[in-house]
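Subject: Structure handover

Hello,

Please load it first, then read the notes below.

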Amino acid sequence: MPGMLAPEEVGPLMRGRFGRPYLYAAECDSTQRTLDDRLPEGALAVCEAQTAGRGRLGRSWSAPPGKAILCSLLLRPPSDRAVSELALVAGLATALTVEEALARATGIKWPNDVLVAGRKVAGILAETRGGAVVVGIGLNVNQDSLDLPAISQTGAASLYTVDGRRRERAPLLAALLLNLEEQYDRWRGAGLISLIEPIAARDVLRGRTISVSGTTGVAGGIAPDGRLVLLTSEGGKLVASGEATLAL
Ligand code: BTN
C-alpha cells in the first residue's frame, strides 16, 4: 500500500545488500525481538507500529503507527571489532540520511542520539544476540509535535516538525539502508578511526559541561575507540557507556 513500508514499496528502491531478507509486519512488539541470530547479516525487521518499543537504559520507545521508521538490522561484525562502536556507526549513517533529506546539519549526541537543531530525531539501540548484533533505529519522520514523546533536556523532533514537509518513508528507509551499509563496510574494513572525523564534526557535547554516571566534567570529544573523553578536575577520563546529561 502506498505510504507504507511494506516490501513492495521499499524493495524496488533498495540498492544494496542490507534489508535482505526484509521482515515486515504492520504491528509487532519490538523489531528488536523479530530478528533471531540464525538470520544472515543484513536481515531487517520493519514495523509500522510497535506495542513494546524499546529504548536504551530500559526506556520505552513510542511512535504512532505509520509515521516513523522503526527498524532493526542484524549484523555479524568481525570478532576484532568492538561491538560497542556500532551505535556510533549507525548514528553517523542515520545522521547522513537525515542531512540528505532535510539539507540541514545534524548533531550526534554520544553515544546514540541524532539531533537536528538540538532536538532528538532518532535513537539507536545496539544489542548482542548470540553471535550477532541487532541494531535498532527509531527515526521520527511524519509525527506532529503532539505525537512526540517528552524527552528530558533535548526534546524530540521529527523531520516534519523541522521543515513542515510530509515525506514518503520508503525512499528514506532505502537511503538509510545504503548509508548503514557504506558506514558499516568502512568500519568493518578500517575501524572507527576511519569514521571519527565525520562523527567528531557532529559531536554536540564537545566543550559542554556534562555529567555521566555521576561524574561531571567538560566533554573533550570522542576518542578513536568510541569512548567519550571527559575532562574532570582530576584529569581526563574515558567513558565507555552511559547517558550524558548537560549540567545546568
Ligand atoms: C534510544 O534512543 O533510546 C534508542 C531507541 C531505539 C528505538 C528503536 S525503534 C526500532 C527498534 N525497536 C525497538 O524496540 N527499539 C528500536
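Predicted model: local features only at pLDDT ≥ 70, side-chain atom pairs only at ≥ 80, totals over all residues.

**Ligand contacts**

For S30, a polar side-chain atom sits 2.7 Å from a ligand oxygen atom. For T31, an N or O atom of the side chain is 3.0 Å from a nitrogen atom of the ligand. For K120, the distance from a side-chain N or O atom to a ligand oxygen atom is 2.6 Å.

**K120**

K120 belongs to strand β6. Is K120 buried or exposed? Its relative accessibility is 11%, and buried means under 20%, so K120 counts as buried. The K120 side chain also makes a polar contact with the side chain of D113, at 2.9 Å. Beyond its neighbours within four places in sequence, K120 is in contact with W61, D113, V114, L115, N140, I151, T154, G155, A156 and A157.

**Largest pocket**

The volume of the largest pocket is about 540 Å³. Its lining has 33 residues, and R59, S60, W61, K120 and I151 are the closest to the centre. At least two lining residues come from each of α2 (31-34), β3 (68-75), β6 (119-129), β7 (132-140) and β12 (244-246). β6 supplies the largest share, four residues. By class, the lining has ten nonpolar, 16 polar and seven charged residues.

**Second largest pocket**

This pocket has a volume of about 320 Å³. It is lined by 19 residues; S84, A87, P111, A240 and S241 lie nearest the centre. Two elements give two or more residues to this lining: α3 (86-102) and β6. The largest share is again from β6, with five residues. The classes here are nine nonpolar, five polar and five charged.

P111 has another feature to check. The peptide bond between W110 and P111 is cis, with omega about 0 degrees. P111 itself is in the loop between β4 (107-109) and β5 (113-116).

**Cavities**

How many cavities of 30 Å³ or more does a search of the whole structure find? It finds three. The largest cavity holds about 50 Å³ of space. Its lining is made of F18, L73, L75, L86, V89, A90, A93, L180, Q183 and Y184. The elements β3, α3 and α5 (169-190) each give two or more of these residues. α3 gives the most, four residues. Nine lining residues are nonpolar, one is polar and none is charged.

A43 lies in the loop between α2 and β2 (44-50). Its relative accessible area is 0%, so A43 is buried. The C-alpha atoms of A43 and Y22 are 6.2 Å apart, although 21 residues separate the two in sequence.

P21 is in the loop between α1 and β1 (22-28).

E9 sits in helix α1 (residues 7-10). Its relative accessible area is 23%, so E9 is partly exposed. E9 and A170 are 161 residues apart along the chain, yet their C-alpha atoms are separated by 6.3 Å.

**Positive phi**

A103 has a phi near 55 degrees. A103 is in the loop between α3 and β4, and at 71% relative accessibility it is exposed. S213 has a phi of about 45 degrees. S213 is in the loop between β8 (209-212) and β9 (215-222). With a relative accessible area of 64%, S213 is exposed as well.

Best regards

Technical notes: Residues numbered from 1 in each chain as written. Heavy atoms only, no water. 1 Å grid on protein atoms, 1.4 Å probe; cavity = no way out; pocket = protein on both sides within 12 Å on 5 of 7 lines; lining within 4 Å. Points joined across faces, edges and corners; volume = space filled by probe spheres on them. Nonpolar A, V, L, I, M, F, W, Y, C, P; charged D, E, K, R; others polar. Buried < 20%, exposed > 50% of the residue type's maximum accessible area, 1.4 Å probe, protein only. Polar contact = N/O pair within 3.5 Å; in protein donor to acceptor, adjacent residues only side chain to side chain. Contact = heavy atoms within 4.5 Å.
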